[in-house]
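Have the model open while you read.

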Amino acid sequence: MIAVLAGGVGAARLLRGLVRIVDPAEVVVVANTGDDLVLHGLHISPDLDTVTYTLAEAGNQETGWGLAGESWQAMDSLDRYGGPSWFRLGDRDLGTHLFRTGRLAEGAGLAGVTAEIAEAWGLGFRLLPATEDRLRTMVTLADGGEVGFQEYFVGLRHDVPVSGIRFEGAGDALPGPGVLDALTAAEVVVVAPSNPLVSIAPILAIPGIADVLRARRATNVAVSPIVGGSAIKGPADRMLVEMGHESSVVGVARLYRDLVATLVIDDVDSDLAGGVEAEGVRCVVTDTVMRSVDVAAALAETAIGAGR
Ligand code: FO1
């Protein structure tokens, strides 16, 4: 069984390749829930939904989030009333949030609802929320204010420098059902190329999870989300620098060295392989820019091979 720590878009791309080379029934995805928010009274889980929609081949491939071919009637109606339409919820996407919110109100846990949604989309793998408890990534802006993750990422278009990140609720959060078992039993744990600071770190902040990974470091592999010093998508590069880290594969190796024995980096960074290994992390160089599912599959193959 292969376990994957996943955030949003980059993780979903890798997973599309992974399920091509590994029986999906042998894949467990532990997904970040720190991006979750309640809006319009609806519980929205962006990273769970990005993985679900992308792996169901129903996702909006331009944006990496939401469903393809969406209509926006509900958002237009909201505009009529001056409601908060800044966080774009398509009409079909709303059905997911209505269902999730209703099931949670009936007393279901987030893991159970996520399994029902994954089943409805025909996903062959297990998608586990990192926790069922409240977890909210909060971002302190360089100008001093603190905002919720989606306010930073969408509301402010992450166009503002950050000076702090914290994971509200992490201290009291329990690993979700099946999470510790999966991370313990997995033949290889792959840390997907997601934002280390706001997609992977919230998962690691849940007590118990990092300990399990440290205990099995030798068979854990991370794929760098930074290529040539930049993020493929999103603010990871800027956030790394703003938070005092290096926006490079060496900086990523430094962040992950206690948790993984191997870091997979892109060909463009081959000259930094020595720097990665100097951090005590084995370095594997390959094409990590997933322009196609074939590249994603080859990358997944390389990552798993490096972990065995
Ligand atoms: N990202 C945006 O940039 N703008 C949006 O309006 C937006 C809406 C949205 C709705 C549902 C959902 O599941 C994701 C959505 N995202 C949007 C993406 C989301 O902010 C990010 O996917 C993650 O939180 C970061 O990976």
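Where is the place of R157? R157 sits in the loop between α6 (149-155) and β8 (162-168), with helices (H or I, at least four residues) and strands (E, at least two) taken as DSSP runs numbered from the N terminus. This is a predicted model, where local features need pLDDT of at least 70, side-chain atom pairs count only at pLDDT 80 or more, and totals for chains, interfaces and linings use all residues. Residues are numbered from 1 along each chain as its sequence is written, and side-chain values use heavy atoms, leaving out hydrogens and water.

R157 has a positive phi of about 50° despite not being a glycine. It's also exposed, at a relative accessible area of 58% (buried means under 20%, exposed over 50%, partly exposed in between, with a 1.4 Å probe and protein chains only). H158 is found in that loop between α6 and β8 too, and its phi is positive, near 40°, again in a non-glycine.

Now for β2. Five of the five residues of this strand (residues 27-31) are buried, so it is largely enclosed by the rest of the structure. V27, V29 and A31 point one way, V28 and V30 the other. Its pairings (at least two DSSP bridges between two strands) look like this:

| Partner of β2 | Sense | Bridges | Opposite residues |
|---|---|---|---|
| β1 (residues 2-6) | parallel | five | I2 and V27 |
| β5 (residues 126-129) | parallel | four | L127 and V29 |

From β1, the chain crosses through helix α1 (residues 9-21) to β2, a right-handed β-α-β crossover (with the strands pointing away from the viewer, the path from the first strand over the helix to the second runs clockwise).
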